Amino acid sequence: MNAVTPKRFTIAEYHQLIELGFLTEANHIELIRGELIQMTAKGTPHTVCSSILCRQLDRLLGDGAVIRGQDPITLPNQSEPEPDVVIARGRDEDYLAHHPYPEDILLVIEISDKTLDYDQTTKLSLYAEAGISHYWIVNLPARQLERHNQPYQNAQNKFSYLSKQISLSNQSVAIPGFKDALLDLNRLFQKGTCE
């Protein structure tokens with residue numbers, strides 16, 4: 001008796017599907033652990049928060065880092081997710097040959113409203129497994145920032161983060177790798193962006 005299993009793709013096969021035109025930006029697909037996953041459409045609050053966040057980060061960090069919005073990163077677990085925001089080392093030109101790898105990444109941020117459970121479980125485990133040091137979730141419904149760091153693997157071979165800190169909308173937080181750069185959370189959780 002044969003078991004039915006899904007076809008898993010390597011990153012190379014995924015790139016080939018894109019190059020051949022089988023997958024386009026309009027498909028809103030990302031590769032997660034070898035599976036093609038349809039991304040959820042982003043609502044207005046998510047889009048506004050993303051825009052405000054990227055603008056703030058650009059002002060705070062300038063040319064001190066690469067700020068990527070909804071662009072792919074390449075992970076060793078056959079994944080190429082497209083986080084809402086990534087802060088990577090170096091300059092934009094450093095990523096002409098490839099998307100940022102875990103060792104290039106200072107911070108991954110997901111903005112969550114409809115995808116909150118997915119971002120707190122699947123994405124959290126994915127980023128921890130890849131060794132991403134800092135993972136933040138902008139939790140729009142709760143109006144708080146969840147900051148995860150120190151990835152680890154437990155005895156059951158599950159990946160997570162040892163540390164989780166909650167910051168409220170009236171606080172400011174330091175950006176990893178830039179202790180003097182404080183992100184004003186009040187700007188992210190403005191009245192209209194969380195309803």
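Visitor: Why is Leu-145 called buried?

Guide: A residue is called buried when its relative accessible area is under 20%, exposed when that area is over 50%, and partly exposed in between, with a 1.4 Å probe and with protein chains only. Leu-145 has a relative accessible area of 2%, so the name buried applies to Leu-145. This is a predicted model, in which local features need pLDDT of at least 70 and side-chain atom pairs count only at pLDDT 80 or more, while totals for chains, interfaces and linings use all residues. Residues are numbered from 1 along each chain as its sequence is written, and side-chain values use heavy atoms, with hydrogens and water left out.

Visitor: Which residues does Leu-145 touch, and where is it found?

Guide: Leu-145 is found in strand S7; strands (E, at least two residues) and helices (H or I, at least four) are DSSP runs, numbered from the N terminus. A contact means heavy atoms within 4.5 Å, and if residues up to four places away in sequence are not counted, the contacts of Leu-145 include Trp-136, Val-138, Ile-166, Val-173 and Phe-189. Between the C-alpha atoms of Leu-145 and Phe-178, which are 33 residues apart along the chain, the separation is 18 Å.

Visitor: What makes Pro-76 exposed?

Guide: Pro-76 has 62% relative accessibility, and therefore it counts as exposed. Its place is in the loop between S3 and S4, where, again leaving aside residues up to four places away in sequence, Pro-76 touches Pro-102 and Ala-130. The C-alpha atoms of Pro-76 and Gly-131 are separated by 9.6 Å, although these residues are 55 positions apart along the chain.

Visitor: What sets the phi values of Gln-78 and Asn-157 apart?

Guide: Most residues other than glycine have a negative phi. Gln-78, however, has a positive phi of about 50° although it is not a glycine, and Asn-157, also a residue other than glycine, has a positive phi near 65°. Gln-78 has its place in the loop between strand S3 (66-69) and S4, and with 32% relative accessibility it counts as partly exposed. Asn-157 lies in the loop between strand S7 (144-153) and strand S8 (159-168), and because its relative accessible area is 53%, Asn-157 is exposed.

Visitor: What makes a group of residues a nonpolar core?

Guide: A nonpolar core is a set of buried Ala, Val, Leu, Ile, Met, Phe, Trp, Tyr and Cys residues that are joined through side-chain atoms within 4.5 Å. The largest nonpolar core here has 23 residues, of which Val-138, Leu-183 and Leu-188 touch the most other members. Among the elements that each supply at least two residues of this core are helix H2 (44-61), strand S6 (134-139) and strand S10 (178-184), and H2 gives the most, with five residues. A second, separate core of 19 residues includes Val-66, Ile-105, Ala-128 and Ile-132.

Visitor: How do you know that the size of the protein agrees with a compact globule?

Guide: The radius of gyration is taken over C-alpha atoms, and the globule rule is 2.2 Å times the number of residues to the power 0.38. For 195 residues a compact globule would have a value near 16 Å, and the protein has 17 Å, which agrees. Its C-alpha atoms fill a box of roughly 60 × 40 × 30 Å, taken along the principal axes, and buried residues make up 45% of the 195 residues.

Visitor: How many helices and strands does the protein have?

Guide: The protein has four helices and ten strands, and from the N terminus on they run α-β-β-α-β-β-β-α-β-β-β-β-β-α. Of the contacts with a separation of 6 or more, 55% come from residues 24 or more positions apart.
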